[in-house]
Amino acid sequence: MENIDTQSRRSFLKSSVLAGGGLMLSLTWFSKAKAAEKIPELNLSEHWSELSSYIKITTDNIIKIFCPNPEFGQNVMTSLPMIVAEELDADWKNVVVEMSPHDNVKYGSQFTGGSNSVRMYWQPLRNAGATARQMLIEAAAQTWGVPAAEITTKSGILSHSSGKSAKYGEVADKAATLPVPKDVKLKSPKDFTIVKNSKKNTEGSKIVTGKPLFGMDYRVEGMMIAMIQHPPAFGMKLKSFDASQALKMPGIKDIFSFKLYDDGFEQASFDTRTFNELIAIVGKSTWEVMNARKKLIVKWENAPETKEIINGWGGRKTELIIPSGLESTSVQLAKMQEMAKMPAQQYRKDGDPETAFKNAATIIERTYNAPFLAHNCMEPMNFFAHVEADKALVAGPIQAPGWMEPTLAKILNLPADKIEIQMTRMGGGFGRRAYAQYVYEAARISQKVKAPVKLIYSREDDMTYGIYRPMYTATYRAALDANKNLIAFHVKGGGIPENPIHANRFPAGAIDNYLAEGWEIRSNITIGAFRAPRSNFNAAAEQSFLDEVAEAMGKDPIDFRLDLLKRAKENPVGKNNEYDADRYAGVLNLLKEKSGWGKPENSGKKRGVAAYFCHNSYAGHVVDMVIRNGQPYVEQVTSAIDCGVVVNPDAAINMVQGAVVDGIGNAFYGALTHKDGVAEQNNFHNYRIIRHNEAPKKIDVHFVKNDIDPTGLGEPPFPPVFGAVANALYKMEGRRYYNQPFNSGFS
Amino acid sequence: MTKYSLKINGKIQQVDVEPSTPVLWVLRDHLNLTGTKFGCGMGMCGACTIHLDDAPVRSCSLPVSTVGKQAITTIEGLSVNGTHPVQKAWIEHDVAQCGYCQAGQIMSAAALLKETAATNRSNLSDEDIDNYMSGNICRCGTYLRIKEAIKSAAGK
C-alpha cells in the first residue's frame with residue numbers, strides 16, 4: 001500500500017480540514033445511491049478528517065471515498081469505492097463518492113483501460129479501507145481506555161463489550177492523527193457485505209437529471225470555444241490558408257496554425273501523432289466557430305514520408321517511418337494479400353508443424369479480414385485548457401492522465417507539478433481517450449490565445465481524425481490425420497500497422513505441432529487501442545475457425561474446445577501458455593449448462609458459440625439467431641464469464657450486456673474505410689452503429705462463482721461476441737462469413 | 001444577431017444570437033443548460049433530444065428562429081429533482097453506463113409515454129419501443145435496460 005505512509009501522512013495533517021474548491025468539486029460533490037437514502041446536506045466548509053488519500057469522514061459520519069480512476073462507463077465510481085467501503089466496514093448509505101485529483105504518487109497509475117481498474121486497485125483499496133478502519137478502532141480504544149482488539153465494527157459503528165459505542169465520525173479527528181498501521185488484516189470474501197452485493201451507480205441521479213458531468217459540460221467564466229481544422233485526408237498536410245473571411249465572422253477571436261509537437265520531439269508511446277500541423281479557430285461560442293470554419297480557405301498538399309522518434313516504455317527508443325501516400329482500403333487489402341504470402345516473423349513454434357502438415361490427410365485453411373473501426377464515443381473528443389505563464393489547468397475526458405502529463409510538461413515547458421489535470425466523466429472511451437493529442441491541442445491553443453479554452457471536435461472531426469482499430473487479416477490452417485485427429489495448427493496474422501498475433505494463447509498449449517507468425521504494413525493512418533485490442537479480431541477469426549475444424553472432425557464445438565483444454569491442462573505443450581485451462585473450461589461448461597446446449601428443445605435453434613480469454617478473464621457466449629425482415633437478427637444471447645470476484649453484480653451484468661450489443665453491432669456493421677486517404681464514413685448517417693431495434697431481446701449473463709481476486713471485465717466479454725455471431729450466421733445460412741463487417745455479405 | 005424570447009422549462013429566457021443557431025447551442029453555450037448533449041450535429045444520434053411542446057425533436061438541427069412560442073423542455077426541466085417516472089425507472093434499472101446519451105434517451109422515452117398515455121399506456125410492446133427509440137444511439141449498448149425501464153415507467 002504505497003498511499004498511506006508517514007511521509008504522506010504529514011502532508012495530510014497539514015490539510016486535514018479541507019474545504020476543497022474549484023469547479024471539479026462542485027461538479028462531483030454529491031454522489032448518492034438512492035433518493036430514499038437521504039444524507040445530511042453538506043456545505044463546502046464542512047470539517048473533514050482525512051484518514052487517507054482515499055477516505056475522509058465528517059463528524060456527522062459522512063464518509064467520502066475518492067475514486068482514483070477516471071470513469072468512462074465501466075462504473076468505477078461505484079465499484080472502486082465499494083471495495084474501500086467493504087474493508088472500512090462503512091455504512092454504504094453514508095458514503096459519498098468523489099473523483100480524486102490527479103496525483104500518481106498518492107493514487108497510483110490512475111489509468112482507465114485494459115480492464116485493469118478493479119484488478120489493479122483491488123488490493124490497494126482493500127488495504128486503504130482496512131487501514132482506516134484500524135485507525136478508527138485505535139482512536140476509539142484510546143478514547144475509551146480499552147484494548148483495540150476488543151473493539152468491533154459494523155456499518156460505520158464502533159462497539160465494545162462494555163456497551164460503549166461510537167460512530168466513525170465521532171473519533172475520525174483523533175484517528176487522523178494516529179500513526180498509520182502496517183499489515184492490517186483483510187476480510188475473508190465470505191464476510192463481504194458490500195462487495196458482491198449490487199449497488200446503484202453513485203452518479204445515476206446526476207446522469208438522469210442532466211447535471212454537468214462531462215468534459216463537454218466543463219466551463220469557466222471567460223472561456224472560449226476552439227475547433228481545429230485537420231487535413232481532409234491521411235497523407236496530406238497543410239500548405240497554406242487564408243482566414244481573412246473567417247476572421248470577419250461574428251464572435252471569432254483568432255485563427256492560426258500550430259504544430260502539435262516541435263520538430264524533433266520525442267513522443268511517448270501514446271503520443272500518437274496523426275497530423276502535426278493544424279489550424280485552430282477560436283471564438284466566443286460553438287456555432288460561431290463552426291460557421292467561421294466554413295469560411296476558411298485552405299490549401300493542402302501531399303505529406304512526405306516522416307520519421308517519428310518514440311520513447312517507449314522502459315526508455316526503449318525507436319524510430320518509426322510513417323510512409324507518404326494517399327491510401328485506399330481496396331489497395332490496402334491487396335497489399336495485405338501480397339504480404340500474407342511472404343515470410344513472416346515467427347512468434348512461437350511447438351513440435352514440427354511443417355512435417356505434420358505434409359503428412360496430413362486433410363488441411364483446412366481459411367483467411368479472415370477485418371476493417372478499421374472508429375471508436376465513436378458518444379461524447380466527441382474535447383478538452384478544456386487554461387495555460388498561463390507559470391502554470392496550467394487542463395480538464396476533461398481522459399483515460400490515462402498519468403501518460404499525458406510528461407508530454408504536456410514538455411510541450412508547455414512547465415514543470416509537471418505546475419500542471420493540474422482534472423478528470424471529468426467520459427462519454428465513452430473504448431481506448432480512444434488513452435491518446436491525448438486533443439489535450440495537447442487544447443493546451444497549445446490556450447497558450448497561444450492566453451485564455452481559458454475548450455476544444456471541441458465535431459462528430460466528423462472525431463470520426464475522420466481517428467486513432468482506429470487496426471485492419472487485420474489472419475490465415476489459419478489445421479491439419480487432420482486420417483482419423484480426423486487435429487495434429488497441427490498454424491496461424492499467420494498481419495495487419496495495418498500491427499499484427500493481431502497472441503502466440504501463447506489457446507489453442508497454443510493444446511496441440512503438439514503449432515506455429516504462430518505475424519507481419520505488419522506501415523501506414524500513415526493512425527491506429528490504436530480499441531476495446532480488447534487484437535483480441536477483438538482474434539476471437540472472431542480463431543473462434544470461427546475452431547468451429548469449422550470441429551465440424552470437420554465431427555465434434556460438437558464446445559466438446560471439441562473442452563477436449564483441447566483437457567489436453568492443455570493435463571499435458572500442456574510448450575511453455576508460457578497464458579491461459580488457465582480450468583477457468584477457460586469452467587466458462588464453457590457454464591455456458592453449456594445455462595444455454596441448454598445440445599438439449600433436444602434447442603435443436604431447432606440457429607446457435608453459434610465462442611469463448612475467449614483476454615485481459616486476464618474468460619468469457620463466452622451462445623448466440624441464437626433468427627431471420628427477421630429478411631435479415632439475420634441475434635434474438636437471444638447466453639453469456640458466461642469468469643472474472644473472479646464480481647464486485648458489483650448488477651452493474652457487471654449491464655457491462656456484459658453492453659459488450660454483447662457492442663460486439664454484435666461492430667461484427668455486423670462496423671467499418672471505417674478510406675479512398676485516397678479520405679475516410680469514407682464521417683458521421684452516423686454512413687457509419688452504422690447498432691440501434692435499439694437491432695439489439696437482442698434477451699441477454700442472460702452468468703458468472704462463474706469463485707473468490708479469485710477480480711481479473712477485469714470491461715473488455716473480455718466483447719471479443720467472443722464476434723466469433724459466436726459468425727458461427728450462428730453459418731448455422732443460419734449454411735455459409736461461412738470470413739470478412740467483417742458481416743452485413744457486407746448479407747444477401 | 002437577433003433577440004429571441006424562448007420559453008424554456010417554464011421560464012422565459014432572452015437570447016441574442018444568429019437566427020441559424022441550433023437550439024442545442026443556445027441551450028449549452030448561451031443558457032448554460034448542458035444536460036442536452038452534442039453527439040452528431042445532424043439529428044442522427046438523438047443525444048440532443050428535447051421536447052418542443054410535447055414532441056421530441058433533435059435540438060442540434062433545430063434553428064432557434066423556428067421555435068417561436070413553442071415551449072422547450074430539456075432534461076433539466078423534465079421534473080423537479082429527477083422525479084419523472086422515466087427518470088425514476090432509469091435509476092431503478094441502473095440503466096446508465098457512460099451516461100452521455102441518456103438525457104436524450106430519457107427525453108425520447110418521456111415523449112413516448114406521453115403520446116401513449118391516453119391509450120394503452122401499460123401495454124407498450126417491444127416493437128413500439130424499438131420504433132420510437134431507434135433514433136437514439138447508445139454506444140455502450142444499454143438498450144435492453146432502457147427497454148425495461150420504459151416498460152416499468154409505463155406501468156406506473
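Is A:Asn683 buried or exposed? A:Asn683 is buried, with a relative accessible area of 0%. Buried means under 20% relative accessible area, exposed means over 50%, and partly exposed lies in between (1.4 Å probe, protein chains only). This is a predicted model, in which local features need pLDDT of at least 70, side-chain atom pairs count only at pLDDT 80 or more, and totals for chains, interfaces and linings use all residues. Residues are numbered from 1 along each chain as its sequence is written, chains are lettered from A in the order in which they are written, and side-chain values use heavy atoms, with hydrogens and water left out.

**Chain A overall**

- Chain A holds 19 helices and 30 strands. Helices (H or I, at least four residues) and strands (E, at least two) are DSSP runs, numbered from the N terminus.
- Along the principal axes, the C-alpha atoms of chain A fill a box of roughly 80 × 75 × 50 Å.
- Of its 747 residues, 63% count as buried.
- Take the contacts in chain A between residues at least 6 apart in sequence: 76% of them join residues at least 24 apart. Contact means heavy atoms within 4.5 Å.
- Chain A exposes about 27200 Å², and carbon and sulfur atoms supply 50% of that area. Accessible areas come from the Shrake-Rupley method with a 1.4 Å probe; for residues, only the protein chains shown count as cover.

- A:Asn683 sits in the loop between β29 (678–679) and β30 (698–703) of chain A.
- Leaving aside neighbours within four places in sequence, A:Asn683 is in contact with A:Arg459, A:Glu460, A:Met463, B:Cys40 and B:Met42.
- A:Ile55 belongs to strand β2 (residues 55–58) of chain A. A:Ile55 is buried, at 0% relative accessible area.
- Not counting residues up to four places away in sequence, A:Ile55 touches several residues, including A:Ile63, A:Phe66, A:Val84 and A:Leu88.
- A:Ile55 and A:Val97 are 42 residues apart in sequence, and 9.7 Å apart from C-alpha to C-alpha.
- A:Gly493 lies in strand β23 (residues 486–496) of chain A. A:Gly493 is buried, with a relative accessible area of 0%.
- Neighbours within four places aside, the contacts of A:Gly493 include A:Thr473, A:Pro500, A:Glu517 and A:Trp519.
- A:Gly493 and A:Gln345 are 148 residues apart in sequence, with 9.9 Å between their C-alpha atoms.

**Chain B overall**

- Chain B has 5 helices and 5 strands. Along the sequence they follow the pattern β-β-α-β-β-β-α-α-α-α.
- The radius of gyration of chain B is 15 Å, which agrees with the value near 15 Å for a compact globule of 156 residues.
- The C-alpha atoms of chain B fill a box of roughly 45 × 30 × 25 Å along the principal axes.
- Buried residues make up 61% of chain B.
- Chain B exposes about 5700 Å², with 50% supplied by carbon and sulfur atoms.

**Domains of chain B**

- Chain B is divided into domain 1 (2–76) and domain 2 (85–154). Domain bounds come from an automatic or database domain assignment.
- The C-alpha centres of domain 1 and domain 2 of chain B lie 21 Å apart.
- In chain B, 16 residues of domain 1 are in contact with 15 residues of domain 2.

Key: The radius of gyration is taken over C-alpha atoms; the globule rule is 2.2 Å times the number of residues to the power 0.38.
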